[in-house]
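The following note sets out numbered points on the arrangement of secondary structure in the model. Please read it alongside the coordinates.

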Amino acid sequence: MKKLFILSMMAATMIAASAQNKKVSILGDSYSTFQGIIPANYSSFYPNDRNDVVEVEQTWWSLYIKAKGYQLEKNNSWGGTTICGTGYGGMDFSRNNFIARVDSLGSPDIIFVFGGTNDAWANSPVGEYQYADWTKEDCKNFRPALACLLDKLQKRYPEAAIYSLLNSELREPINESMREICKHYNVQLIELHDIDKQNGHPSISGMKSICDQLLEAIQ
């Protein structure tokens with residue numbers, strides 16, 4: 001009986017250690033930025049005098065990682081970036097879009113992809129569903145670009161769990177595209193709701209809400 005108890009305790013310890021050792025990477029836009037955490041040459045929104053999030057511990061991803069006992073591997077979030085290659089004013093964003101940053105996530109066990117907001121706000125072209133043979137021109141449209149992105153992530157990080165986050169209050173073509181393409185790649189899509197925002201970005205309350213929704217959605 002004593003031996004069984006010891007084995008059970010050892011197993012529980014190993015499971016806990018495994019959970020604590022999980023490494024999380026984020027591929028995102030301004031919603032996931034924080035100065036000093038993201039690469040120095042990237043544009044950051046947080047901290048910002050137009051928003052009450054002033055500490056990195058208040059961000060959705062920091063709250064989630066702390067709650068789960070995980071560790072941050074890489075935060076590759078760049079303010080203003082799109083998933084596709086078409087940004088604001090129709091400019092070519094291929095150099096710094098989400099696809100261009102696939103290889104910069106380290107060695108994660110979990111990847112959060114939090115994008116689509118700027119594609120919606122910039123009114124980037126949606127395009128048609130396409131699941132192979134993407135060209136740079138194809139990926140200037142949202143649907144081919146998202147498919148290409150998820151394909152590349154799954155091939156580059158085959159052991160990682162990938163989760164896609166969908167911001168609230170985006171235009172429906174973006175929402176529907178994300179639902180369809182994530183389903184195709186069997187990537188869990190977490191559709192966020194009721195996110196309090198200041199200057200269009202999550203406030204302290206909004207960040208906590210995002211974290212709570214992730215904790216509820218990911219079992």
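1. Helix 2 (residues 60-68) and helix 6 (residues 204-217) form a right-handed crossing, a crossing being right-handed if the near helix is turned clockwise from the far one by less than a right angle, and left-handed if anticlockwise. Helices (H or I, at least four residues) and strands (E, at least two) are DSSP runs, numbered from the N terminus.

2. This is a predicted model, in which local features need pLDDT of at least 70 and side-chain atom pairs count only at pLDDT 80 or more, while totals for chains, interfaces and linings use all residues. Residues are numbered from 1 along each chain as its sequence is written, and side-chain values use heavy atoms, with hydrogens and water left out.

3. The axes of helix 2 and helix 6 come within 8 Å and cross at roughly 45 degrees; axes are lines fitted to C-alpha atoms, for helices over the stretch in contact, and angles run from 0 to 180 degrees between N-to-C directions. Helix 2 is therefore oblique to helix 6 (under 35 degrees counts as roughly parallel, over 145 as roughly antiparallel, 65 to 115 as roughly perpendicular, the rest as oblique).

4. On the helix 2 side, Trp-60, Leu-63, Tyr-64, Ala-67 and Lys-68 meet Met-207, Lys-208, Ile-210, Cys-211, Leu-214 and Leu-215 of helix 6, contact meaning heavy atoms within 4.5 Å. The residues of this contact comprise nine nonpolar, no polar and two charged (Ala, Val, Leu, Ile, Met, Phe, Trp, Tyr, Cys and Pro are nonpolar; Asp, Glu, Lys and Arg charged; the others, Gly among them, polar).

5. An open sheet of five strands has the order 2-1-3-4-5 with parallel pairing, where two strands pair if DSSP finds at least two bridges between them. Strand 2 and strand 5 (188-191) are at the edges with a single partner strand each, so one side of each has no neighbour in the sheet. From one strand to the next, the twist averages 20 degrees.

6. Parallel strand 1 (residues 23-28) and strand 2 (residues 71-77) are joined by six bridges, and Ile-26 has Asn-75 as its bridge partner in strand 2. Five bridges connect strand 3 (residues 110-114) with strand 4 (residues 161-166), also parallel; here Ile-110 stands opposite Ala-161.

7. Helix 4 (residues 142-156) lies across strand 1, strand 3 and strand 4, at about 170 degrees to strand 3. Helix 4 also passes helix 5 in a right-handed crossing.
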